[in-house]
Amino acid sequence: MPVREPGCGDDTPAASRARPRQLFYWFLASQSLLIGLLPFYVPVLVFDLGHGMRELCLLIAATGTGFLLALGPWQRQAQGASLGRLLTSSFLWQLAAVSLPALLAWRPGITGVPGSPTGDASAPSLTALGLILMLGLTIGVANAFFWSTQRTLFLQRLGENNAGRHYGNLQIVVGAFLKAGILIGGWALATTAGPLLLMVLAGITTIVTLKVLASIQDIDEPLLAPAPFPVSPETSPDISPDISPETSADTSLRALPGISHHPLPPASSRSLTTSPTSPHLGFATALRWHDNNRSREIFLLDGLFLFLESHFWTLAIYTLLGESFERLGAASVLLSVSFSILFWLLRSHIDRLPANRIYLFATVLYILSWLLRWWLVGTEANWVSALGLVAVTFCSLYFRLAFNKRFFDHARRSGGVSYLLAKSYQSQLALALGFALAAFPLGLVSRDVGLSTLWLFAAAAAPLYMRYR
């Protein structure tokens, strides 16, 4: 039976979708703008302040740790507090994630670098390491609140076979506002008082956005509905004992305590503030979970790859473009504009083609992208390297479109929000442990050698994505 949105005076499908779309895209656009202002530049800011690969690895490990620590509080707020309060928490943490690196860029002396009397960045001070770890933890908590909320809102909007189209729309919105923030951030970091202006702009953006979101109806309800009673196949009328071949791969998800297995209702009948029954998913339960789709090994792998794609690739582009914040921002925007058109063209196309064929082809392109990254290390900025940047961006974004379609299709069919949380726990644990272990060996080599090593490792490991069913 369709679920009517509380307080909704119009039962037409268009009316029931208007408020979820309005809130989702406002939240997505404004947070993407904040991320672009400074968190995007954090990996290159670490090097600009005199640090090296070791400190960047420790920053990433701290980010994963902060994400893990925040998942429990996020679940409690998502189930026990209003959606408005949850969004406020997300924006305040994102504001902190902008303000702390802005403060470091504005007053670099407080980092304690150069860390030794000789100015050797390989021996950073305890103060510098402490600030790097604090920055990583703050960004991790901000990421947990943003991505968990965004993925849940996105999942609530999905229908039967439109994950590719919706994810394409999401990428267009993210690209537009993220790159606007990147342009502003790149300009500001090149000026003396720019970081201070970024803190002011981030504060204004947060206040205005929260005022707008507060005007949207139904924001006083929780994002997730807490479980009214323990669910089991014997007591739940929503679960058939005859499991279809499509869902049989997810039976192990149903067997664990704390994992929701209510099927998601169609997008047209789902309230913005109503989700599948979602008991609290703990760390130990999430680590034990696995399914026949090989989701767990992919989640562990993907945690490492997401930061290779973001932090280390941003650093590589920064190096290629002569270590200029402004050129880095401009190049990111040009690439984004070009591929926003691609996402617009592919968003529905990917839902109509054979899913396995599309996914395997995208994975082959993804492997190629890491080999291209390896080839670009040490090259000069010219038209050949520009073509390489375009090819890497195309291959990576096409893979992410195909991968996220498969991921959200599994989430919709199996564990709902709990599937999203299982990915977060497993991927962030791999991220924290993996880069903490990599910090020492990467700290012994130069930037170019470190990047080359990472790209070859990624090219060798990327074929494992083909195991994701």
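A disulfide is a pair of cysteine sulfur atoms within 2.5 Å; a search of the whole structure, which is a predicted model, finds 0 disulfides.

Figure 1. The protein has 469 residues, and 57% of them are buried. Its secondary structure consists of 16 helices and 0 strands. Among contacts with a separation of 6 or more, 85% are accounted for by residues 24 or more positions apart. The accessible surface of the protein comes to about 19,000 Å², and carbon and sulfur atoms hold 67% of it. Cys-57 has a relative accessible area of 0% and is therefore buried. Cys-395, with a relative accessible area of 4%, is buried as well.

**Figure 2. Aromatic pairs around Tyr-366.** The structure contains 30 aromatic pairs. In one of them, Phe-305 and Tyr-366 have ring centres 5.9 Å apart and planes at 40°, so the pair is tilted. Phe-305 belongs to helix 10 (residues 295-320) and Tyr-366 to helix 13, so this pair ties together parts that are 61 residues apart in sequence. Phe-305 counts as buried because its relative accessibility is 0%, and Tyr-366 counts as buried at 0% relative accessibility. Tyr-366 also pairs with Tyr-465: the ring centres are 5.7 Å apart and the planes stand at 80°, so this pair is edge-to-face. The pair of Tyr-366 and Tyr-465 links distant parts of the chain, helix 13 and the segment after helix 16 (447-461), across 99 residues. Tyr-366 and Tyr-465 are both buried.

**Figure 3. The aromatic cluster that includes Tyr-366.** Ring pairs link Phe-305, Trp-313, Tyr-359, Tyr-366, Trp-370, Phe-399, Phe-403, Trp-455, Tyr-465 and Tyr-468 into a cluster.

**Figure 4. A salt bridge between Arg-467 and Glu-297.** A search of the whole structure finds 8 salt bridges. In one of these, the side chains of Arg-467 and Glu-297 meet at 2.6 Å, N to O. The two residues are 170 positions apart and link distant parts of the chain, with Arg-467 in the segment after helix 16 and Glu-297 in helix 10. Arg-467 has a relative accessible area of 34% and is therefore partly exposed. Glu-297, with a relative accessible area of 32%, is partly exposed too.

**Figure 5. The salt bridge of Glu-309 with Arg-400.** Glu-309 and Arg-400 form a salt bridge in which the closest N and O atoms are 2.8 Å apart. This pair links distant parts of the chain: Glu-309 is in helix 10 and Arg-400 in helix 14, 91 residues apart. Glu-309 is buried, with a relative accessible area of 16%. Arg-400 counts as buried because its relative accessibility is 7%.

Figure 6. The closest N and O atoms of Arg-447 and Glu-323 are 3.1 Å apart, and the two residues form a salt bridge. Arg-447 lies in helix 16, whereas Glu-323 lies in the loop between helix 10 and helix 11 (325-346); the pair thus links distant parts of the chain, 124 residues apart. Glu-323 counts as partly exposed at 42% relative accessibility. Elsewhere, salt bridges that share partners join Asp-302, Glu-309, Arg-400 and Lys-423 into one network.

**Figure 7. A nonpolar patch on the surface.** Leu-368, Leu-371, Trp-374, Trp-375, Trp-383, Val-384, Leu-387 and Leu-456 form this patch, and together they have about 820 Å² of accessible area. Helix 13 (355-376) and helix 14 (383-413) each supply at least two of the patch residues. The most comes from helix 13, which gives 4 residues. Leu-371 is found in helix 13 and counts as partly exposed, at 39% relative accessibility.

**Figure 8. Surroundings of Ser-424.** Ser-424 lies in helix 15 (residues 417-442). Ser-424 counts as buried because its relative accessibility is 3%. Residues up to four places away in sequence aside, Ser-424 touches Phe-67, Leu-68, Leu-71 and Arg-151.

**Figure 9. Surroundings of Ile-184.** Ile-184 is part of helix 6 (residues 163-189). With a relative accessible area of 32%, Ile-184 is partly exposed. Leaving aside residues up to four places away in sequence, Ile-184 touches Leu-37, Leu-198 and Leu-201. The C-alpha atoms of Ile-184 and Gly-329 are separated by 8.2 Å, while the two residues are 145 residues apart along the chain.

Definitions and conventions: Residues numbered from 1 in each chain as written. Predicted model: local features only at pLDDT ≥ 70, side-chain atom pairs only at ≥ 80, totals over all residues. Heavy atoms only, no water. Patch = residues over 30% accessible without salt bridge, like charges linked within 9 Å, V, L, I, M, F, W, Y side chains within 5 Å. Areas by Shrake-Rupley, 256 points an atom, 1.4 Å probe, with all protein chains shown as cover. Salt bridge = Lys/Arg side-chain N within 4 Å of Asp/Glu carboxyl O. Buried < 20%, exposed > 50% of the residue type's maximum accessible area, 1.4 Å probe, protein only. Contact = heavy atoms within 4.5 Å. Phe/Tyr/Trp six-rings, centres within 6.5 Å; stacked < 30°, edge-to-face > 60°.
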